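Reader: I have the model open and some questions about it. Can we go through a few parts in turn?

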Amino acid sequence: MEKEKTIMDQDTVSLDDEGNAVVIIDQTLLPGRTELIRLKTAEEIWDAIYLLKVRGAPAIGVTAAFGIYLLAKSCKTENYDIFLAEFRKNKEYLDSSRPTAVNLSWALKRMERVVTDHASLPVPQILSLLKKEAEEIRDEDIRVCRRIGEYGLTLVKKGDGILTHCNAGQLATVRYGTATAPIYLGQEKGYGFHVFADETRPLLQGARLTAFELASAGVDVTLICDNMASTVMKNGWVNAVFVGCDRVAANGDTANKIGTSGVAILAAHYGIPFYVCAPTSTIDLATPTGADIRIEERKPEEVSEMWYRERMAPDGVKIFNPAFDVTDHSLITGIVTEYGVLRPPYEEAFRSLPGR
């Protein structure tokens, strides 16, 4: 009997070149409905990123790469200067959709270099190179996540309890995920992990996405409220914490979904290793410390209204809704990259990476 397909069989982001569309899973509809949507215009791509229809730093980067290629393809000119001006206009527009995830600007800058490094070529040839680069960004994401999973798996043993926060799973990348990559590889090898997924308020990525995809893959996953993490740690049920991140500063501070720093503080209190799974594309050496990372603030309605039939907070009450917080490097046991597990001092570890 043919195995029933699940969400794990669908790439989070893909390119339909003939149909001139970026195809994504609309994550705002999960877990109730799995729906693929097609993004064709700059506004549709911007909205999908801002409204979290596609989310997770790697998946955002791949979406931006495919998107800027399709927008360049739609620019009907053979004049390089006009082409470059239109490309940069679209690049700046897409880059404004989410400020904290460095993969967005990283992917767009990488695509821009293709255009500027080949200024002597005809525009159709530049378009071919842009498509090739966008596909390579996607393929790299898959390879990188697999390698992160392999290195992360060396940090745990069979039967371990693992806690994760937000969604750094397959839905945040093209495949495998970052923080969940060791879990998926362990599942393939029969490690029998017990995973605790924080619900991750206010957007509930842990409840809607992580619990959904891990359960779909047959992983033993238990959903907990964010304020239950201390209890499961104190009970001895957690042997390691794996989280993703959206940006790593030069000193090793990391920005990730709001609530991550609290998990790190709890892990330190209970003596549990806390690992950040980070593709090297998220390491931003131009940002000295976490204090220099711009933290996105989102609409108050996400806290007071989004998941409720009726408003759950008093009218007029002030609401603070930062999308991310910064985990101090002193709380991070190791940063798991595609080149291995980096240990403090992180400034020195980053200098050892290829191309740094």
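Author: Exposed means over 50% relative accessible area, buried under 20%, and partly exposed in between (1.4 Å probe, protein chains only). This is a predicted model, where local features need pLDDT of at least 70 and side-chain atom pairs count only at pLDDT 80 or more, while totals for chains, interfaces and linings use all residues. Residues are numbered from 1 along each chain as its sequence is written, and side-chain values use heavy atoms, with hydrogens and water left out.

Reader: Which residues in helix 3 are buried?

Author: Tyr-80, Phe-83, Leu-84, Phe-87, Asn-90, Lys-91 and Leu-94. Down the axis of helix 3 they fall within an arc of 135°, so they line one face of the helix. The arc is taken from the directions from the helix axis to the C-beta atoms. Helices (H or I, at least four residues) and strands (E, at least two) are DSSP runs, numbered from the N terminus.

Reader: What covers the buried residues of helix 3?

Author: The cover includes helix 1 (42–50), helix 2 (57–73), helix 4 (102–117) and helix 5 (123–153).

Reader: And what caps the N-terminal end of helix 3?

Author: Asn-79 does, with a side-chain oxygen 3.0 Å from the backbone nitrogen of Asp-81.

Reader: Changing topic. Which residue does UniProt list for "active site"?

Author: The unreviewed UniProt entry lists Asp-246. Such annotations may be inferred rather than shown by experiment.

Reader: Where is Asp-246 found, and is Asp-246 buried or exposed?

Author: Asp-246 sits in the loop between strand 7 (240–243) and strand 8 (247–248). Its relative accessibility is 10%, so Asp-246 counts as buried. Leaving aside neighbours within four places in sequence, Asp-246 has contacts (heavy atoms within 4.5 Å) that include Thr-100, Asn-103, Lys-257 and Phe-324.

Reader: How many salt bridges are in the whole structure?

Author: A search finds 23, counting a side-chain nitrogen of Lys or Arg within 4 Å of a carboxyl oxygen of Asp or Glu. One of them joins Arg-98 and Glu-296, at 2.9 Å from N to O. Arg-98 lies in the loop between helix 3 and helix 4, and Glu-296 in the loop between strand 10 (274–277) and helix 10 (301–304), so the pair ties together parts 198 residues apart in sequence.

Reader: Are Arg-98 and Glu-296 buried or exposed?

Author: Both are buried. Glu-296 also forms a salt bridge with Arg-298, where the closest N and O atoms are 2.7 Å apart; Arg-298 is buried too.

Conventions
Polar contact = N/O pair within 3.5 Å; in protein donor to acceptor, adjacent residues only side chain to side chain.
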